[in-house]
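Please read this report with the sequence and the model side by side.

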Amino acid sequence: GVCVASPKLSYGYTKMNIARGGYRVFSANSSAACTELAQKITERLGVELGKSVVYQESNSETRVDVKESVRGQDIFIIQTIPRDVNTAVMELLVMAYALKTSCAKNIIGVIPYFPYSKQCKMRKRGSIVCKLLASMLAKAGLTHIITMDLHQKEIQGFFNFPVDNLRASPFLIQYIQEEIPNYRNAVIVAKSPSAAKRAQSYAERLRLGLAVIHGEAHHSESDMADGRHSPPLSRAITGHTGLELPLMMAKEKPPISVVGDVGGRIAIIVDDIIDDVEDFVAAAEILKERGAYKIYVMATHGLLSAEAPRLIEESAIDEVVVTNTVPHEVQKLQCPKIKTVDVSMILAEAIRRIHNGESMAYLFRNIAMDD
């Protein structure tokens, strides 16, 4: 008789080495601004953008039509978050679910700016929306996420599937070295003590000094009331009052001060998200007063909502450098001080490595624990 290899074995072997199922890259939004990053990524990968249409019906419901077969393939959904966050989240959920029901093997969300990432702590009687979103994405069928500079690294623990939290800092550091003349005379600035860790990491890698702004002009989110200060309405106390708890000392912020010397230096303020720019503008004013002669702002996600471009244009800030994780073409037209660094390269490389089953460690080299 003829010896036939067990189909199971040969199939396992094939799957590992020879013919992996293909992969497709889709954009979860059909608007030009949002497909721009997707186009850059697919160009770098040398593949076509998957054929799909995402649109709002007349009653504002989201509808997704996937125009090609995805059975048994690794599908990457790229979703950059435009102005309307909630629509973008819905598009992602509907798209993922459409692919899940079309038998895609793996559905990987490429979400460079993860929305709601600031709502990752409990406040008063609010909720941790970020965890809710993580559960919704899992329910819709995502099996893996590639994102960039999460607001807090611990957000990775909200997901019950792998998360690759890529870093934009190498690109921004490269920008500092190549585009800021005389950067050796710079000092890295944290606009509040909560941003000091990120600033320290930049300062150490660029071998520059560090300054931290501290004081009452900023209400950093870590100090927002979290309900533990709000006493319940006093009712007529009947009987035993329970334990006599020690009183909470109210926080008193010192007058604003800069810890570290910025006189006669270039000041580079680093942060992860630049959205409301009032804090940055106030910080720039103080640094100018303390003798900094040029002020740059570096951030990964340039949300720049509402009046941000006008405020930057009128402020003491000389340049705002952000990456293209969020579309901000409109803001750039309003404010020529805004510059963009392209990070599509690292996203494309992450997609390629995940599909080929290669190690991701190379993308995280030289990343410190607290970065």
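## Loop residues with positive phi

N182 lies in the loop that runs between α5 and β8 (186-190), where helices (H or I, at least four residues) and strands (E, at least two) are DSSP runs numbered from the N terminus. Although N182 is not a glycine, its phi is positive, at about 65 degrees. This is a predicted model, in which local features need pLDDT of at least 70 and side-chain atom pairs count only at pLDDT 80 or more, while totals for chains, interfaces and linings use all residues. Residues are numbered from 1 along each chain as its sequence is written, and side-chain values use heavy atoms, with hydrogens and water left out.

K124, which is not a glycine either, has a positive phi of about 45 degrees, and this residue is found in the loop between β5 (106-111) and α4 (129-140). K124 counts as partly exposed because its relative accessible area is 48%, given that buried means under 20% relative accessible area, exposed over 50%, and partly exposed in between (1.4 Å probe, protein chains only).

Helix α2 (residues 32-45) has 14 residues and spans 20 Å from its first C-alpha to its last, close to the 20 Å expected at 1.5 Å a residue; the expected span is 1.5 Å times one less than the number of residues in the helix. Its buried residues are C34, T35, L37, A38, I41, T42 and L45, and they pack against β1 (23-27), β4 (74-78) and α10. After α2 comes G46, with a positive phi near 70 degrees.

Helix α10 (residues 344-356), one of the partners of α2, has 13 residues and reaches 18 Å between its first and last C-alpha atoms, close to the 18 Å expected. Buried in α10 are S344, I346, L347, A348, A350, I351, R353, I354 and H355. Just after α10, G357 adopts a positive phi of about 65 degrees.

## The second largest pocket

The second largest pocket has a volume of about 340 Å³. Of its 13 lining residues, those closest to the centre are P170, F171, I346, L363 and R365. A pocket here is found on a 1 Å grid over the protein atoms alone, as an open set of points where a 1.4 Å probe fits, with protein on both sides within 12 Å along at least five of seven lines, and lining residues have an atom within 4 Å of a point.

Helices α5 (169-179) and α10 each supply at least two residues of this lining, and α5 gives the most, with four residues. By class, the lining holds eight nonpolar, two polar and three charged residues.

H214 is placed in strand β9 (residues 209-214), and it counts as partly exposed because its relative accessibility is 31%. Leaving aside neighbours within four places in sequence, H214 is in contact (heavy atoms within 4.5 Å) with P193, P254, P255, I256 and S257. The C-alpha atoms of H214 and P255 are separated by 8.0 Å, although these residues stand 41 apart along the chain.

## The chain as a whole

The secondary structure of the chain comes to 10 helices and 14 strands, and buried residues make up 45% of its 371 residues. Among contacts between residues at least 6 apart in sequence, 68% join residues at least 24 apart.

Notes
Points joined across faces, edges and corners; volume = space filled by probe spheres on them. Nonpolar A, V, L, I, M, F, W, Y, C, P; charged D, E, K, R; others polar.
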